[in-house]
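Hi,

Here is the structure I promised to pass on.

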Amino acid sequence: MKVLKALAEHRDMSLGDLIEGIVLHAFEGQTPFSPTTLETIGQLKRIYGLELSAADSHRLAETSGEDE
């Protein structure tokens, strides 16, 4: 979420607008980001230590939050 928030800030748009654009592109089978934006995303991932990839999404599980 930090990377998405930072990308929205970088592009001077709201997080909601960014997510809406991503989803609308995905619904049409299109890539939502240019090569330049993908480079920015890579930099933000490194800054925030995001090591997850799309393949990891199939292994993520939501927790109840009771242990926090």
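At what angle do helix 1 and helix 2 pack, and how far apart are their axes? Please keep in mind that this is a predicted model. Helix 1 covers residues 2-10 and helix 2 covers residues 15-27; they pack at about 105°, with 9 Å between their axes. The two helices are therefore roughly perpendicular to each other, since angles of 65 to 115 degrees are counted that way. On the helix 1 side, the contact is made by Leu-4, Lys-5, Leu-7 and Ala-8, and helix 2 brings Leu-15, Leu-18 and Ile-22. Sorted by class, that contact has 6 nonpolar residues, 1 charged residue and no polar ones.

Now to helix 3, which runs over residues 35-48. With its 14 residues, helix 3 reaches 20 Å from the first C-alpha to the last, close to the 20 Å expected at 1.5 Å a residue.

Which residues of helix 3 are buried? They are Thr-37, Thr-40, Ile-41, Gly-42 and Leu-44, and helix 1 is part of what covers them.

Leaving aside residues up to four places away in sequence, Thr-37 touches Leu-7 and Arg-11. Leu-7 also belongs to the helix 1 side of the contact with helix 2.

Technical notes. Residues numbered from 1 in each chain as written. Predicted model: local features only at pLDDT ≥ 70, side-chain atom pairs only at ≥ 80, totals over all residues. Heavy atoms only, no water. Axes fitted to C-alpha atoms, helices over the stretch in contact; angles between N-to-C directions. Helix = DSSP H or I, 4+ residues; strand = E, 2+ residues; numbered from the N terminus. Parallel < 35°, antiparallel > 145°, perpendicular 65-115°, else oblique. Contact = heavy atoms within 4.5 Å. Nonpolar A, V, L, I, M, F, W, Y, C, P; charged D, E, K, R; others polar. Expected span 1.5 Å × (residues − 1). Buried < 20%, exposed > 50% of the residue type's maximum accessible area, 1.4 Å probe, protein only.
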